[in-house]
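Subject: Structure handover

Hello,

Here is the structure for your files. My notes on it follow below.

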Amino acid sequence: MKKTSILLLASALASFLASCSNPINAYTAQQYYDYGVQAERGGNLALAGRNYSRAYGNAQMGNLGPKAEAYYLYEFARVTGHAGSYAESEKAFLEVLALIDKAKGEADQLRAPTYSEYARLLHDIGEHAKAVPVYEKAVPELERVGILSSDPLGFASLLDDYASSLAAAGFSQRSADIARRSASIKDAHKGRSPKFELRRYKA
């Protein structure tokens with residue numbers, strides 16, 4: 001009986017320790033993230049990707065939770081795609097979306113940019129049939145976070161790509177509808193520019 005109690009206590013302690021975040025890993029993850037940002041700004045995408053990957057790895061090792069893991073992995077997915085590793089990037093974006101779900105609301109602000117970047121990746125590499133359902137999820141998420149107020153022309157640009165993928169995938173009528181919506185937004189905001197410069201995944 002005593003041996004059983006000790007085993008149960010040890011199991012409970014191991015479970016508790018596994019659920020505790022490690023401040024050393026949290027600090028190290030942030031350091032690698034900062035290095036990744038610096039490398040990306042300097043144009044070294046390979047180094048940026050390695051640093052974002054290490055940030056994500058430390059988030060995992062330190063039990064920082066799905067929210068932290070999702071944010072670090074998002075940066076890795078994005079930079080890896082820009083570096084030309086499209087399959088690895090796509091896999092990472094899918095893992096980010098799974099982590100967002102796992103975070104149970106804590107990482108929901110990352111959902112819209114993840115869908116947007118993932119859809120753009122698929123569009124830019126010509127995977128239009130796969131891009132369409134991702135755009136279908138990206139659009140309402142962007143609307144939910146107020147894109148029509150914060151960056152209407154950036155949203156119109158995304159709609160242009162969405163329309164392009166729809167046309168390439170054989171959905172001509174739906175493509176025309178989305179293109180008209182984009183044109184309407186542009187007409188309503190003449191003289192303005194997108195808030196962020198669009199960065200393509202493939203030249």
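Helices (H or I, at least four residues) and strands (E, at least two) are DSSP runs, numbered from the N terminus. On that basis the chain has ten helices and zero strands, and from the N terminus its elements read α-α-α-α-α-α-α-α-α-α.

This is a predicted model, in which local features need pLDDT of at least 70 and side-chain atom pairs count only at pLDDT 80 or more, while totals for chains, interfaces and linings use all residues. Residues are numbered from 1 along each chain as its sequence is written, and side-chain values use heavy atoms, with hydrogens and water left out.

Whole chain

Buried means under 20% relative accessible area, exposed over 50%, and partly exposed in between (1.4 Å probe, protein chains only). Of the 203 residues of the chain, 41% are buried. A contact means heavy atoms within 4.5 Å. Among contacts in the chain with a separation of 6 or more, 62% are between residues 24 or more positions apart.

Aromatic pairs

Rings of Phe, Tyr and Trp (its six-membered ring) pair if their centres lie within 6.5 Å; planes under 30 degrees apart are stacked, over 60 edge-to-face, and the rest tilted. The rule gives six aromatic pairs. One of them is Tyr32 with Tyr35, edge-to-face at 6.2 Å centre to centre and 80 degrees between the planes. Both residues sit in helix H2 (residues 23–41), three residues apart, about one turn of the helix. Tyr32 is partly exposed because its relative accessibility is 25%; Tyr35 is partly exposed at 39%.

Tyr33 and Tyr52 form a tilted pair, 5.8 Å centre to centre with 40 degrees between the planes. Tyr33 is in helix H2 and Tyr52 in helix H3 (residues 45–61), so this pair ties together parts 19 residues apart in sequence. Tyr33 is partly exposed, with a relative accessible area of 24%, whereas Tyr52 is buried at 1%. Ring pairs also link Tyr33, Tyr52 and Tyr72 into a cluster.

Helices H4 and H5

The axes of helix H4 (residues 66–82) and helix H5 (residues 86–102) come within 8 Å and cross at roughly 160 degrees. Axes here are lines fitted to C-alpha atoms, for helices over the stretch in contact, with angles from 0 to 180 degrees between N-to-C directions. H4 is therefore roughly antiparallel to H5 (angles over 145 degrees; under 35 is roughly parallel, 65 to 115 roughly perpendicular and the rest oblique). Residues making the contact include Leu73 and Phe76 of H4, and Phe93 and Leu99 of H5.

Regards
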